[in-house]
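I opened the model to look up its charged pairs, its nonpolar cores and its surface. My entries follow in the order I made them.

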Amino acid sequence: MQIKPLSDRVLIEAAEAVEKTVGGIIIPDSAKEKPLKGTVVATGNGTKDEEMIVKVGDTVLYGKYAGTEIEFEGKKYLMMRQSDILAIIG
């Protein structure tokens, strides 16, 4: 990974949005729910006050409006602080 988050920030690859159909009507991409889980692909080193608990490869849950969306080499990622992560799955 060529992106290295600084301090307590984490780079997450969001899970794919689930495509739903309602009574045979396909909902367009713009109306899909934003996924609330993803996989950690890079982490910062933490700060003197907060050590990094999450590590690369962890599947995490985060808040609906957490993070900043970025696109790098055709893939979409979220950059957020570790404190925006709600839980580690598994």
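The model is predicted, so I kept to its limits: local features need pLDDT of at least 70 and side-chain atom pairs pLDDT 80 or more, while totals for chains, interfaces and linings use all residues. Residues are numbered from 1 along each chain as its sequence is written, and side-chain values use heavy atoms, with hydrogens and water left out.

Entry on salt bridges. I took a salt bridge as a side-chain nitrogen of Lys or Arg within 4 Å of a carboxyl oxygen of Asp or Glu. I found 3 of them in the structure.

I looked up Glu 13 and Lys 75, whose closest N and O atoms are 3.4 Å apart. Glu 13 lies in strand 1 and Lys 75 in strand 7, so this pair ties together parts 62 residues apart in sequence; strands are DSSP runs of E, at least two residues, numbered from the N terminus. Lys 75 counts as partly exposed because its relative accessibility is 40%. Glu 13 is also partly exposed, at 27%.

Next I checked Arg 81 and Asp 8, with closest N and O atoms 2.7 Å apart. Arg 81 is in strand 7 and Asp 8 in the segment before strand 1, 73 residues apart. Is Asp 8 buried or exposed? Asp 8 counts as buried because its relative accessibility is 7%, whereas Arg 81 is partly exposed at 35%.

The side chains of Asp 58 and Lys 55 also meet in a salt bridge, 3.4 Å from N to O. Asp 58 is buried at 11%, and Lys 55 is exposed at 53%.

Entry on cores. A nonpolar core here is a set of buried Ala, Val, Leu, Ile, Met, Phe, Trp, Tyr and Cys residues joined through side-chain atoms within 4.5 Å. The largest has 11 residues, including Val 10, Ile 12, Val 60, Tyr 62 and Met 80. Strand 1 (9-14), strand 5 and strand 7 (75-81) each supply at least two of its residues. Apart from it I noted another core of 5 residues, among them Ile 3, Leu 11, Ala 42 and Met 79.

I then listed contacts (heavy atoms within 4.5 Å) for Val 60. Leaving aside neighbours within four places in sequence, the partners of Val 60 include Ile 12, Val 40, Val 54 and Ile 85.

Entry on Leu 61. Leu 61 is found in strand 5 (residues 59-62) and counts as partly exposed at 33% relative accessibility.

Note on methods. Helix = DSSP H or I, 4+ residues; strand = E, 2+ residues; numbered from the N terminus. Buried < 20%, exposed > 50% of the residue type's maximum accessible area, 1.4 Å probe, protein only.
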